Amino acid sequence: MQSTDKVRLAFIGCGAITRMEQLPAALRSPLVDVAALVDAQAESAVALARMYGLSVRATSNLADVLDDVQGCVLATPNDTHYPIAKQILERGKPVLIEKPITTRYDHALELCEIAEKHGTFISVGYRFRFFPSARLLKKLLDENYFGRVLSFHCEMGSAGGWTPVSGYNMDRARSGGGVMVINGTHFLDLAMFWFGEPVSHVYQDDDYGNVEANCKGVWSYDTPRGQFDGSFFFSKTIKLSNRFLIETERGRVEWSAADAERIRVFDRNRPDVKFELSSARRPGVVDSFRDQIEEFCMNTVRPGTVTSDGPNGARSIRLIEDMYRGATRLDESWQPRRVIG
Amino acid sequence: MSKPRVAIVGASGFVGAALIERLYFDDAWKDRFEFTAFIHGFGNAARITRLPVKIAALDLLDFPRVRSALAGFDAIINCTRGDSALMLSGLGNLGRAAQLNGVRKFVHLSSVTIYGEDPNPDSAHEDAPLNPRRTAYGDIKAAQDEMVFKFHGNGVDSIILCPSNIGGPYSGLIIDGMAKLLAGEIVLVDEGRYPTNIVHVDNLVEAMLVAVQSDTGWGQRYFVNEAEPVTWKQFFEDLAAMVGIEPQFPLVTREEVLRHMQGSVPAKPGLKSQAGALLSTEFREGVSVVPAFKSMNDSAKRVLSSLSPRWQERIRSRITRPTIIHPVRDTRSLDHKLTTVQVRRVFHSPEKIVRQLGYTHLLDRSRGMETTRRWLEFANLIPARSHPAVEPHVK
């Protein structure tokens, strides 16, 4: 595609993620023509347009703008992804959906079928896949550079943090879950990117009737190169290291969400040295939101590879549903609990 | 008979969340009250939103909403922290709403910082005069206490609970202490002989609940502390034992730390220094994005370059600010909070709350450290001793 061929996009949902990430990323891109802002509260769309000095349509009615755009970026509360994406796909337009694709696996599957039927596609906002470090790690793992994977541990957590404008993330019916869906899904997606789908899992969380704040568990893998387990810990109450530690035959490999370019290797044969690996081809400024939007634009004009597509998003939701179904309670034996009577 | 209705304000904070968890998990308190957890926003509320309890957002600076939200409550437990506006105006709104709504009881969380960073020996007991040499936070907490005593005078029975450092699960002091211990950065002041005044958060919660249901002792301030003093040396050795290390702590004297604390207050820049900053290249380049300033700057440059080199040099030497090179940080962490807090020598006795409110410690020292250890393991902050056995769920 020529750099002058801008793709006309509508941004659906004018909350925090659109305001702080998606829209700025689109405005940084030479490939995007921001054509419309849509929000259930029209005044939010108008305010967002004003914030960035945009002379675009700002409306609460998606149907009004669909004919005028080539694709949509959807960042609304999770429970609304399905009906809105369905409306977009049925008009034959592609949609980039903020993760998770939907709150239910059957809905995700249905969206994938609609996309296929109408000759269009879904991209799901798993932006870590766009980190050069994540791509490099996948390449090296696929090439067996580190030898067999023996196990891994991943954790992602913060004490509080992201607050959607609507507060939907505190309501299971609207969010589809707690920290697993909101944060953990990013690392689940990375694990699927690097290792494929687990064959079994153990899952525990601290949900007592709403949305979990902490979850832990184990994903087990059976790959052509052997079996291994990966443990995980995701938290909305504890600051964690936000990284993967992967034990391999060659040594420990560390991928950190704080470093988009490099991975660290602690070679078994050289415990005195820390090796940092990065792609020989310098990626320039890493801008994962923009990279995904630009990939979306390019696929809109000429179909190609979608790094995180609808079926991938659906697999992720299937696994999360499965984990929630088999959930047991996390041990909180530090809580004073006196049993009376 | 209906249960007392209690509004817990600041319920998503460290202490507030521990209180909500206790009311949910502990049978001893579970059904005593009908409570609502009031929070400022949902960003930090995950610890309580996982529980099926009543939660409501409330901006304490919005008086009409505060008044309306607190209608029908019998008691308020105030755990809020925040900036000075929230802590003073917000508390004022809470008190006014309590009075207008006929709320009968008000339990307020204060702090021993009202007695200063180096409290006098007589502050072992609550009736000691407040120390006027306080931090800004201590000033705010002292002002809050005055307000709460006024609420009491105006008919809202009030109790002020005064902890010092708070330990236990989710304690920032514990998290920080363990991280510094593992990094070898803990120093002991005067061999770590002074009392920590660290009260376990679950003991503090117990005190709050005992207070709110008390029939006597209102209009008073109470220290909340462990039954016996624990020294800083004991405390850090307890933490070290959790991770199986025997550290050798560097020692510093109390006088060294106090000198460092007094010397670390940055001097206010003088007029000449501030004028120099205005004339600095960085400042001029910064403001030159505004065309009018750019034009002025360019004119000044032209005038300067028209002068003789001797005059140019004289002017430059007058306006150039000295380059200050600071020494590297003292590796003994004299300025760290875990060091400066050790200069306090007074044990703030909990004798009064025990005697007057019938408070008893829920956890003794060893049980308190055990719950702390279990939580640190859960939080992956120290290695777990054992993993619970769980069967895999196969697809």
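**Figure 1. Strand β7 of chain A and its two neighbours.** Strand β7 (residues 149–157) and strand β11 (residues 243–248) of chain A run antiparallel and are joined by six bridges. Here strands are DSSP runs of E with at least two residues, helices are runs of H or I with at least four, and both are numbered from the N terminus. Two strands pair if DSSP finds at least two bridges between them. Look for A:Ser151, which stands opposite A:Glu247 in β11(A). With strand β10 (residues 226–235) of chain A, β7(A) runs parallel, over seven bridges. There, A:Met156 has A:Phe234 of β10(A) as its bridge partner. A note on what you are viewing: this is a predicted model, in which local features need pLDDT of at least 70 and side-chain atom pairs count only at pLDDT 80 or more, while totals for chains, interfaces and linings use all residues. Residues are numbered from 1 along each chain as its sequence is written, and chains are lettered from A and ligands numbered from 1 in the order in which they are written.

**Figure 2. The loop between β10 and β11 of chain A.** A:Asn242 lies in this loop. Its phi is positive, about 55°, although A:Asn242 is not a glycine. Most residues other than glycine have a negative phi. A:Asn242 has 17 C-beta neighbours inside 10 Å, so it counts as partly exposed. The scale is simple: 20 or more other C-beta atoms within 10 Å of a residue's own make it buried, 12 or fewer make it exposed, and anything in between is partly exposed, with C-beta atoms placed from the backbone.

**Figure 3. An open six-stranded sheet in chain A.** The strand order is β3-β2-β1-β4-β5-β6, with parallel pairing. At the edges are β3 (57–59) and β6 (122–125), each pairing on one side only. From one strand to the next, the twist averages 25°. Within the sheet, β4 (residues 71–74) and β5 (residues 95–98) of chain A pair in the parallel sense over three bridges, and A:Leu74 stands opposite A:Ile97 of β5(A).

**Figure 4. A cis peptide bond in chain A.** The bond from A:Lys99 to A:Pro100 is cis, with omega near -5°. A:Pro100 is found in the loop between β5 and α5 (105–117) of chain A.

**Figure 5. Helices α1 and α8 of chain B.** The axes of α1 (residues 14–25) and α8 (residues 201–212) of chain B come within 9 Å and cross at roughly 70°. Axes are lines fitted to C-alpha atoms, for helices over the stretch in contact, and angles run from 0 to 180 degrees between N-to-C directions. The two helices are therefore roughly perpendicular, a label for angles of 65 to 115 degrees. Among the contacting residues are B:Leu19 and B:Arg22 of α1(B) and B:Leu204 and B:Met208 of α8(B); contact means C-beta atoms, placed from the backbone, within 7 Å.

**Figure 6. The loop between β8 and β9 of chain B.** B:Asn197 lies between β8 (188–189) and β9 (198–200) of chain B. Although not a glycine, B:Asn197 has a positive phi of about 55°. With 24 C-beta neighbours inside 10 Å, B:Asn197 counts as buried.

**Figure 7. Where chain B touches chain A.** Here 32 residues of chain B are in contact with 39 residues of chain A. Elements of chain B that each supply at least two residues include α1, α2 (27–30) and α17 (365–378).

How values were computed: Parallel < 35°, antiparallel > 145°, perpendicular 65-115°, else oblique. Contact = placed C-beta atoms within 7 Å.
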